[in-house]
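This briefing goes through a structure topic by topic. Keep the sequence and the 3D view open while reading.

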Amino acid sequence: MEESKADKMARERAQAALDKLAEAEKEKAKKPKVNPKAK
Amino acid sequence: MSKSVTKAQLFHMGGTPVGMDFPGAENFYYVDNNGSDNNDGSSWDSAKATIQAAITLSNATIDWSTTPDRYNVIYIAPGVYAENLTPAYYCHLVGTGIRGTDTMAEIHPATGSCITGTFLGTHLYNLWLEVNTAVPCLDIGICNNSLIEFCTFTNGAAVAATAVDTDNCTHLTMRYCSVESGQSTGMAYGLYHRGGDEKYAHNCRIHDNVIHCTTAGIWIQDTCTASQYTAWNNLIARPTKGIDDNNGTSYLYNNYITATSDAIEHANSATQCIGNHVINNATGAVEASGTD
């Protein structure tokens, strides 16, 4: 079945949200883990 | 003095018979399998006959330059709808029957899934979703910000079907749903979250569901990051594995599970599974913690 305009827009918009999540997860992984008790 | 109301009035007075109304919604559409797709779908008296016809109307109203702040509503009268649907976006899809066999709005295609495609602002409420082949009732590729509640998932033939299958998912809530079967082969999976490179079941909320199945109630692939995925108060009976999180990132609280092998399989159960009540068939053990 051919993808309708609404189906295409929805897929791209939902994928964009997940791409943003993936980017945030990568940034989080880059940050050094800080031990708050360390002096 | 008594006052009778018409069917249309009943649905407009305080919402549907199951108590769901949407006073802030944008557009309302009506589906009744006694209606006609030549109707405009704007009332019960001019209802569409098929759900897909109403979904097409609803999706056509979306202004894709922004995110809608008022969703559409599609009310569906009780009856069997033999349709393979594509999803409605930013829309409440509401069945108006009462839970039971042949008393709900039943999406029941001859073959294939009930709904296939992206879920985006998709709300399913009080629907009976039945498949005759070994496929997911809801074959969701990508999912963002969607809610499935008070729905029943089942198989109409002795096939190992799945209730909900996702490829890549964030902010899915599934609550107060039933996964059940009247067949000699039960439903295989409740929720099946697939993985891969940068694939997620992120921030899902899975709670208060009753899941009768044979393979796993909730299954998360090892490459599916289930960050902040939280499942609680689910009753799961009696698959091989109750909740099988192969990624070890979900949080599991207070689920009641009977399984024929492992009630919970989770790499980080010591820190992320709290207060689950489990019976493992192999040992007959009843444990207060989430480990097995």
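**Where the chains meet**

The contact between the two sides is made by 16 residues from chain B and 12 residues from chain A. The model is a predicted one.

- On the side of chain B that touches chain A, the elements giving two or more residues are β6 (115-120), β9, β11 (162-175) and β14 (199-202) of chain B.
- Sorted by class, this side of chain B has seven nonpolar, eight polar and one charged residues.

**Chain B overall**

- Chain B has three helices and 27 strands.
- Of its 292 residues, 50% count as buried.
- Among contacts in chain B with a separation of 6 or more, 60% are between residues 24 or more positions apart.

**The largest nonpolar core**

- This core holds 87 residues, and those touching the most other members are B:Val31, B:Ile74, B:Leu127, B:Leu129, B:Ala163, B:Tyr189 and B:Leu191.
- Strand β9 (residues 136-149) of chain B gives the core its largest share, six residues.
- Beyond its neighbours within four places in sequence, B:Leu191 is in contact with B:Ala163, B:Val164, B:Met174, B:Ile206, B:Ile218 and B:Trp219.

**Helix α2 of chain B**

- Helix α2 spans residues 51-60 of chain B, and its buried residues are B:Ile51, B:Ala53, B:Ala54, B:Ile55, B:Ser58 and B:Asn59.
- In an α-helix, residues three or four places apart point the same way because there are 3.6 residues a turn.
- The cover over the buried residues of α2(B) includes α1 (5-30) of chain A.
- From chain B, that cover includes β1 (28-31), β2 (72-76), β3 (79-81), β4 (91-95) and β5 (105-107).

Methods. Residues are numbered from 1 along each chain as its sequence is written. Chains are lettered from A and ligands numbered from 1 in the order in which they are written. This is a predicted model: local features need pLDDT of at least 70, side-chain atom pairs count only at pLDDT 80 or more; totals for chains, interfaces and linings use all residues. A nonpolar core is a set of buried Ala, Val, Leu, Ile, Met, Phe, Trp, Tyr and Cys residues joined through C-beta atoms within 7 Å. A residue is buried if 20 or more other C-beta atoms lie within 10 Å of its own, exposed if 12 or fewer, and partly exposed in between; C-beta atoms are placed from the backbone. Helices (H or I, at least four residues) and strands (E, at least two) are DSSP runs, numbered from the N terminus. Two residues are in contact if their C-beta atoms, placed from the backbone, lie within 7 Å. Ala, Val, Leu, Ile, Met, Phe, Trp, Tyr, Cys and Pro count as nonpolar, Asp, Glu, Lys and Arg as charged, and the others, Gly among them, as polar.
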